[in-house]
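Please open the model in your viewer, colour it by chain, and keep the selection panel to hand. The stops below say what to select next and what is to be found there.

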Amino acid sequence: MEPEPPIQCCNPTLESVKLGNPNRRTIDHGGVGGRASSDEFGRAVSRIAVAQICESAGFNGVKNSAIEALSDVTISYLIDLGKIAEFYANLAGRSQCSVFDLILGLEDLEQVKGFIGSGQSQCLLGSGTVRDLMRFVNCGDEVPFAQPISNFPVIRQRKVIPSFLQMGEAPPSKHIPPWLPALPDPHTYIHTPMWDERTCDPREDKVEQARQRRKAERSLLSLQKRLLLCSGSVETRNTTSNVVVPSGGGASLRQGEGEGGDKNPYLKAPVVNKDVSPVPLPGKLSDDVDMIANHVSVLEAFAPAIEMMRSSGVLCEDDGMQGRTVLPAVRPTVYFKFRAGKKLIHESLDMRNQKKDASRTAALAGREDERDDKKRRAELILKQSMENPQELTLL
Amino acid sequence: MNPNHNPQSSDGGRHDDDAALTEFLASLMDYTPTIPDELVEHYLAKSGFQSPDLRLTRLVAVATQKFVAEVAGDALQHCKARQATIPKDKRDRQQKDKRLVLTMEDLTKALHDV
């Protein structure tokens, strides 16, 4: 005996029914295994009905295993009765069952127990079974089922594949009739690779390639100029000042060196410790004379920017203060503007004067401040370019 | 329905039986069996029983209910009999009398006699 708590018969609810119990022993109904998942609802309903019948019979409680077994028996009784009645109907050559088929079936099922009048072959109308049934109905109390049940099993509307006729398609070959479901679209089973269609124009491709190559060369050249400038500025610091007194675009570097250095203390050559090894020039640039001449003009044009950079203390200090004189390992980015003109130098001088104090603190403060200075300078240059649109033509 | 179309009902008794059956089937519509109609229809359809008549479905439901009631009644008899045989103790007996529980043991005994 299993020590299970008995279930109260008096309050059956569908929620209290335990569904899907794998340990439950179930009666096999033609192939349905231990877990009859499709039949769960029917079993639950029969459980409740049987519990109600037990309660009306006089029981106060029901054991779980007992109620499961009895509900299984009930279901098998129902199915057997239907089978037998159907058998008798088929025997008589009918497909639809009548009341007599049912009566015969009932008699068959009750033959074991025996009923009044079983031995006599009489008209079914007066059979003992029916009389017992009548007596049962008339005497017993009517106990309707506890809860309303919808018509089950619920038939779900299946999505039907439209036929050839419905799709408006013609079947691919003669042997397929048009009322059959249509074949799936070819894109569902054939994999076709997709790529962007591009008009192939070899001439355009070559032109584009050449343009990209030229762009790369230009950027490389500008980088090398920058490197040369850095090394050049390091070298010229020790020899002469590279401040240019501009008179136009053609002022040479030497000219500026001689005159500027004596008169203006601010234009003196800065003292710098050459701790950083100069950047080795690429062989191509150092050998080419024309390129050197170009470099001179480039240096002259870059003078203001370099002066600004120096004044900020990145390279050195103007008044000879031995501050940070070491070139940083990471070359700072220099904002270049190809420009020439007096105004700019004046402005640069003013800026130098303004920024001298700021630069000292900046140098002492750290690299972040240097970057801020550079940003400010870049903004100033941009402002100047906005004010002097005619000088933009030099770019 | 078939009881009405019975060609052999020439006897008076049969007429009575016929009438009784008809009346009984009609009365079934008023009586609501404990086993719901949907359940009965589902399992009858599973077994191949075809009938558009609701009275037959009710008849099957009533027949099943009678069967289960008989089994339950037999089990109850067994249960009570077992309680009577247990050595009596006034307090225990009162407790057990109140709780009549259908157990597997009683059920197997009742089903065995079917």
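Across the interface of chain A and chain B of this predicted model, five residue pairs are found in polar contact, both residues of each pair being at pLDDT 80 or more. If you select the side of chain A that touches chain B, you will find that α1, β2 (61-62), α2, α3 and α4 of chain A each supply at least two of its residues, and that α2(A) gives the largest share, 15 residues. Coloured by residue class, this side of chain A divides into 40 nonpolar, 16 polar and 10 charged residues.

Now show both partners together: 66 residues of chain A are in contact with 65 residues of chain B, and the area buried between the two chains is about 5,800 Å², of which carbon and sulfur atoms give 74%. One salt bridge is found across this interface; to see a salt bridge, select B:Lys46 and A:Asp39, whose closest N and O atoms are 3.6 Å apart.

Next, select helix α2 of chain B, residues 37-47, where the buried residues are B:Asp37, B:Leu39, B:Val40, B:His42, B:Tyr43, B:Leu44 and B:Ser47. Against what do the buried residues of α2(B) pack? Their partners are α1 (40-57) and α2 (64-91) of chain A, together with α3 of chain B.

B:Thr57 counts as buried because its relative accessibility is 4%, under the cut-off of 20%. Leaving aside neighbours within four places in sequence, B:Thr57 is in contact with B:Asp37, B:Val40 and B:Glu41.

For the last stop, select the largest nonpolar core, which has 58 residues; those with the most contacts inside it are A:Cys54, A:Phe59, A:Leu70, A:Leu102, B:Phe24, B:Leu59 and B:Leu102. Two or more residues of this core come from each of α1, α2, α3 (99-110) and α4 (128-139) of chain A, and likewise from each of α1 (12-30), α2, α3 and α5 (104-112) of chain B. The largest share, 13 residues, comes from α3(B). Centre the view on B:Phe24 to finish: not counting residues up to four places away in sequence, B:Phe24 touches A:Leu133, A:Met134 and A:Val137 of chain A, as well as B:Leu59 of chain B.

Notes. Residues numbered from 1 in each chain as written. Chains lettered and ligands numbered in written order. Predicted model: local features only at pLDDT ≥ 70, side-chain atom pairs only at ≥ 80, totals over all residues. Heavy atoms only, no water. Buried < 20%, exposed > 50% of the residue type's maximum accessible area, 1.4 Å probe, protein only. Contact = heavy atoms within 4.5 Å. Helix = DSSP H or I, 4+ residues; strand = E, 2+ residues; numbered from the N terminus. Core = buried A, V, L, I, M, F, W, Y, C linked by side-chain atoms within 4.5 Å. Buried area = accessible area lost by both parts, 1.4 Å probe. Salt bridge = Lys/Arg side-chain N within 4 Å of Asp/Glu carboxyl O. Polar contact = N/O pair within 3.5 Å; in protein donor to acceptor, adjacent residues only side chain to side chain. Nonpolar A, V, L, I, M, F, W, Y, C, P; charged D, E, K, R; others polar.
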